[in-house]
Amino acid sequence: MSSTVSAIQRSALGFVLVLVIFGTLPLVVSSYQMSIANEILIFALLAMSIDVLAGYAGRTSLGHGALFGISTYVVIYWTSVYGGSAWVGCLLGVVVATLVAAIFAAFAVRVSGVYFLLLTLALGMIVWGVCLRWTSITGGENGIRGVGRPDLIASPTAFYYATLAVVLLMTFLIWRFVRSPFGLTLRGIRDSESRMRSLGYGTSAHMFVAFTVTGFFAGVAGALYALFNNFVSPSTVQLSQSVEGLLMAIIGGIGTLFGSFIGAAAIIMLENFVSAYTARWQMVLGVMFIVTMIFAPQGILGTLRMLLIRKR
Amino acid sequence: MDRRQFLKTTGLTVAASAAGTFAAPQILRAAEPIRIGLMAPLSGVVAAGGREIVEGFNMYWEERGKKAAGRAVEVIVEDDAGNPDTALQKARRLVEQAKVDFLFGNLLANTGLAVASYVKGNGVPYFIPVIAADDLTQRNRIKNVIRVAGYTASQMPRPLADWALKQGYKRIATISQDYTFGHEQCAGFAQVFTEGGGQIVAQLWNPLNTADFSPYIGQLGDLKIDAVFAMELGADASRFMKQYSDFGLKGRIPLLGAQNFTDQSVIRTLGEECDGIISSAHFAEGSDNPETQKFVKAYSAKYGKMPSLYGFSHYSGAMWVDQVIEQLKGDISNRDVFIDAVLKSQLTNSPLGRPVRFDDYGNPIYDVYIRKVVKNKDGKYWNVPIETYPAVSQFWTYKPEDYLKNPPFSRDNQGIKK
Amino acid sequence: MASLNLVQILNGLTLAALLFIVASGFTLIFGLLRIVNLAHGALYLFGGYIGYSVTLGTGNFVLGLVASMLFVAFLGLIIDQGLLRFVRGFVLREVLLTLGVAFVLNDIALVIWGGDTFSVQIPAMLRGAVRFAGIYYPTYRLFVLGLGILVFIALWLLLNRTRLGALIRAGVDDAEMVEAMGINIRRVFLATSMLGASLAGLGGTIGGAFLTLYPTADSEILVFSLAIVIIGGSGSLVGAAVGALLVGMLNTIGQVMFPELAYFVIFGPMAAILAFRPLGLFGRA
């Protein structure tokens with residue numbers, strides 16, 4: 001069982017590092033950099049939700065950006081158009097995102113590999129099309145402005161720590177989820193679906209639950225984003241949101257969970273850094289994709305882990 | 001290096017690079033440069049227009065030796081990618097990190113609205129020469145969001161509708177991109193046209209980036225109409241004109257357009273398919289006004305193309321704000337004073353060749369041209385004024401108080417008089 | 001609600017013809033190499049720009065067509081030999097790598113040609129419109145329809161009457177078996193990727209003349225191609241043709257009769273087919 005112990009230690013280290021690094025950041029950085037760190041936390045959660053499917057269930061989704069954005073839409077609509085409370089709005093956002101994830105899941109359980117990728121892409125595009133065209137509800141291309149955060153978390157610092165707390169809690173839940181017997185079965189399905197089926201596991205049911213649960217986490221990230229950005233438009237649900245989330249998970253390292261924090265930090269910071277000097281951000285992103293796929297498909301954390309194992 | 005060590009270093013690197021550009025807030029002194037944050041879409045579908053925003057803006061400051069009232073002017077350009085989320089992030093960066101004195105720019109209404117909702121909270125002056133969303137100077141005004149050298153979407157097509165009635169057109173169909181900017185422009189046209197006794201026979205709404213317009217053009221061809229009013233911009237505009245001509249509708253049904261439809265940014269790569277299209281706008285690069293021609297020549301010499309609405313508006317917007325900074329002798333530290341001074345000021349010596357002032361709601365009042373696309377002596381197509389409507393405000397001939405009681409325009413509320 | 005008539009049916013057919021040209025390349029690569037080439041749209045756009053510049057420079061449309069096909073085939077070669085060979089066999093890495101290639105190609109195109117909208121000049125004989133059966137229809141679109149049919153026939157002959165075609169078909173069914181028979185399947189793969197790419201380039205120039213060229217045209221075409229291949233099934237020529245017809249017609253019908261559902265009419269059927277018949281109407285496992 002030594003490997004299990006070391007895995008738990010490793011995860012504990014991950015928690016502590018995230019807590020220490022992100023917990024102390026507001027003490028040393030400016031308000032703008034804190035908002036970047038806040039964004040990193042939110043997108044790390046989105047990336048993790050994608051990572052659970054990709055790393056532990058072997059399904060690469062391009063639809064989670066849409067689930068994320070649905071939650072953002074619901075929160076902003078509930079608070080600014082309907083005039084409801086932000087807390088209830090967040091709850092509703094997460095519930096709706098989870099329900100939509102369940103619908104996606106019902107479609108997606110039957111396919112795997114590239115077809116899963118394409119199906120989630122198509123479903124995400126439908127969500128985007130609806131947000132763009134259902135002008136009376138979504139405000140169309142112009143989107144909807146929010147009404148600001150509730151007083152308790154109105155200050156950027158308070159909201160930052162609230163985000164940190166929620167993201168850490170979610171990370172813990174995700175960590176428990178992938179280590180549960182259910183998560184182990186998912187890994188079994190990833191490695192050989194036919195074997196698991198012949199062992200009597202309901203692979204479809206497992207996939208359905210896994211997809212829906214990850215939709216819940218993407219929904220939480222989306223609700224946080226609504227509070228953070230105070231604005232929503234179709235670009236929040238568009239394909240590039242899913243692509244960036246996936247890229248974050250991959251750069252960090254698929255199947256590493258904590259890699260998502262590294263991936264999100266790398267992309268968001270690079271985006272800010274590069275775009276201050278050049279308008280060629282697309283090219284940088286593309287080259288990053290290519291280089292990662294060729295040289296470090298396990299991502300930063302995954303590659304490190306491999307190097308360490310080899311060293312021992 | 002073991003894992004612990006590595007992770008520690010990574011953490012430090014993350015923290016260090018995040019803190020790297022940390023700058024303590026400083027009290028602004030008069031000798032310090034004026035920092036302007038300019039946002040424009042430099043990537044994505046409207047990248048060409050975004051580039052012209054930067055060109056027009058920079059051209060003005062270069063002519064002025066990058067100085068305003070003796071203070072150096074520093075322009076920090078950020079790419080908003082035509083995406084509201086990115087625009088919001090860049091606005092934050094410009095205000096909170098680069099500590100700019102004021103913001104300028106953006107092209108698409110959705111990016112502008114996102115930034116407007118951000119500056120509403122912190123009072124940073126934000127100037128929007130091409131963000132035309134009606135309600136920014138009507139029902140949802142934000143004091144520090146100012147439309148220097150800009151216009152309201154529904155303002156410009158109204159004179160065109162009046163002109164169309166005078167041509168004896170009775171039945172017109174509209175086609176427009178299906179988003180707020182399109183809804184508002186079409187509504188401006190439809191309202192005046194129907195109130196003057198005309199009939200809007202059909203309204204077609206195409207999604208942004210419609211690859212193939214033939215299904216729409218097929219429908220237009222089947223209607224028995226006197227003219228078509230089209231509100232498209234960018235690639236959709238080029239494609240629509242091209243396919244309109246391919247299907248032989250050109251010459252059969254006169255084509256009227258919103259100002260963006262025949263803007264230089266669209267027609268400079270087109271051929272005879274844009275010839276003769278009528279539109280209305282406050283700026284016409286083919287106007288014989290000497291001030292306009294001086295600007296058009298200078299711009300063409302510098303960038304090798306005639307100025308579009310985007311380049312013109314940002315050149316003039318920069319000029320307007322510069323004139324106010326001069327008037328305040330370079331002291332813009334008090335935002336309220338600065339904003340009030342802008343709203344009370346007049347733009348003079350601009351490429352329009354006529355002074356421009358704001359109405360009581362912060363939207364400029366212009367003499368609006370009815371323009372026709374013709375070939376100039378160099379063989380290039382440009383917009384030439386054929387008629388002028390003086391002093392057109394965003395409220396046309398309505399009383400502002402009455403006008404504002406009506407709900408804002410949308411796809412379903414086009415102000416059409418039955 | 002407007003009704004369909006002959007003009008609208010022709011509109012659907014001509015769009016379908018263009019989509020078929022582009023998607024046939026996509027489906028060949030998908031079917032044989034098992035790569036969902038997300039750079040296919042970028043190849044289309046790049047080819048269109050090349051075709052535009054060459055046509056403008058030489059005044060010859062045919063030269064523009066040939067140049068775009070050759071250049072994009074060359075790009076296909078570089079992508080296959082320079083990049084994809086390092087990730088061979090890892091499906092998802094291949095897919096994501098091509099996505100990166102798409103980003104890079106689009107940005108290079110933006111640097112070279114700027115973001116203005118261009119349309120490829122067409123020869124005088126294809127300009128204007130013809131009158132038949134009481135309607136008035138652009139000559140060029142009829143030319144596209146004819147070309148689409150021609151490409152279908154040519155590809156069908158290539159696949160069914162030549163040795164290369166036989167190898168490609170065999171490879172689609174079972175690449176390992178072909179390899180085991182002592183044939184260098186890599187060369188077949190390479191030929192297919194270049195052929196597929198050149199079809200994207202051809203489509204770019206053809207499409208660039210009536211749909212115009214501009215940033216993001218690539219993703220619109222890519223999405224259509226994806227829908228077609230998913231509906232028709234990967235690697236199937238007939239599937240691509242049927243898929244293109246369906247998508248072309250659905251797009252037209254959608255815009256005329258259900259403007260509110262413009263996006264749904266493409267993605268709805270695509271999602272349904274993926275969920276219930278993942279291999280497409282004509283796909284084989």
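Q: How is chain C divided into domains?
A: Chain C has domain 1 (26-215) and domain 2 (216-285). Those bounds come from an automatic or database domain assignment.

Q: Is this an experimental or a predicted model?
A: This is a predicted model: local features need pLDDT of at least 70, side-chain atom pairs count only at pLDDT 80 or more, and totals for chains, interfaces and linings use all residues. Residues are numbered from 1 along each chain as its sequence is written, while chains are lettered from A and ligands numbered from 1 in the order in which they are written.

Q: Back to chain C. What separates the centres of the two domains?
A: 18 Å, taken over C-alpha atoms. The contact takes 22 residues from domain 1 of chain C and 16 residues from domain 2 of chain C. Two residues are in contact if their C-beta atoms, placed from the backbone, lie within 7 Å.

Q: Which elements of domain 1 give two or more residues to that side?
A: α1 (6-33), α2 (40-58), α4 (91-113) and α5 (139-161) of chain C. The largest share, 6 residues, comes from α1(C). Helices (H or I, at least four residues) and strands (E, at least two) are DSSP runs, numbered from the N terminus.

Q: And by class?
A: The side of domain 1 of chain C that touches domain 2 of chain C has 17 nonpolar, 5 polar and no charged residues. Ala, Val, Leu, Ile, Met, Phe, Trp, Tyr, Cys and Pro count as nonpolar, Asp, Glu, Lys and Arg as charged, and the others, Gly among them, as polar.

Q: Where does α1(C) bend?
A: At C:Ala23, by about 30 degrees. The bend is the angle between axes fitted to the seven residues ending there and the seven starting there.

Q: What span should its 28 residues give?
A: At 1.5 Å a residue, α1(C) should span 40 Å, and its end C-alpha atoms are 39 Å apart, which agrees. The expected span is 1.5 Å times one less than the number of residues.

Q: Covered or open?
A: α1(C) is mostly covered, with 25 of its 28 residues buried. Buried means 20 or more other C-beta atoms within 10 Å of a residue's own, exposed 12 or fewer, partly exposed in between, with C-beta atoms placed from the backbone. Just after α1(C), C:Arg34 takes a positive phi of about 60 degrees.

Q: Now the A-C contact. How many residues from each chain?
A: 28 from chain A and 31 from chain C. α5 (113-133) and α13 of chain A each give two or more residues to the chain A side.

Q: Pick a residue in α5(A).
A: A:Leu123 is found in that helix. A:Leu123 is buried, with 26 other C-beta atoms within 10 Å. Leaving aside neighbours within four places in sequence, A:Leu123 is in contact with A:Gly63, A:Phe104, A:Phe107 and C:Ala271.

Q: And A-B?
A: 33 residues of chain A are in contact with 33 residues of chain B. α2(A) supplies the largest share of the chain A side, 6 residues. That side divides into 15 nonpolar, 16 polar and 2 charged.

Q: What's the strand order in chain B?
A: β2-β3-β1-β4-β5-β6, an open sheet of 6 strands with mixed pairing. Two strands pair if DSSP finds at least two bridges between them. β1 (residues 34-40) and β4 (residues 102-105) of chain B pair in the parallel sense over 4 bridges.
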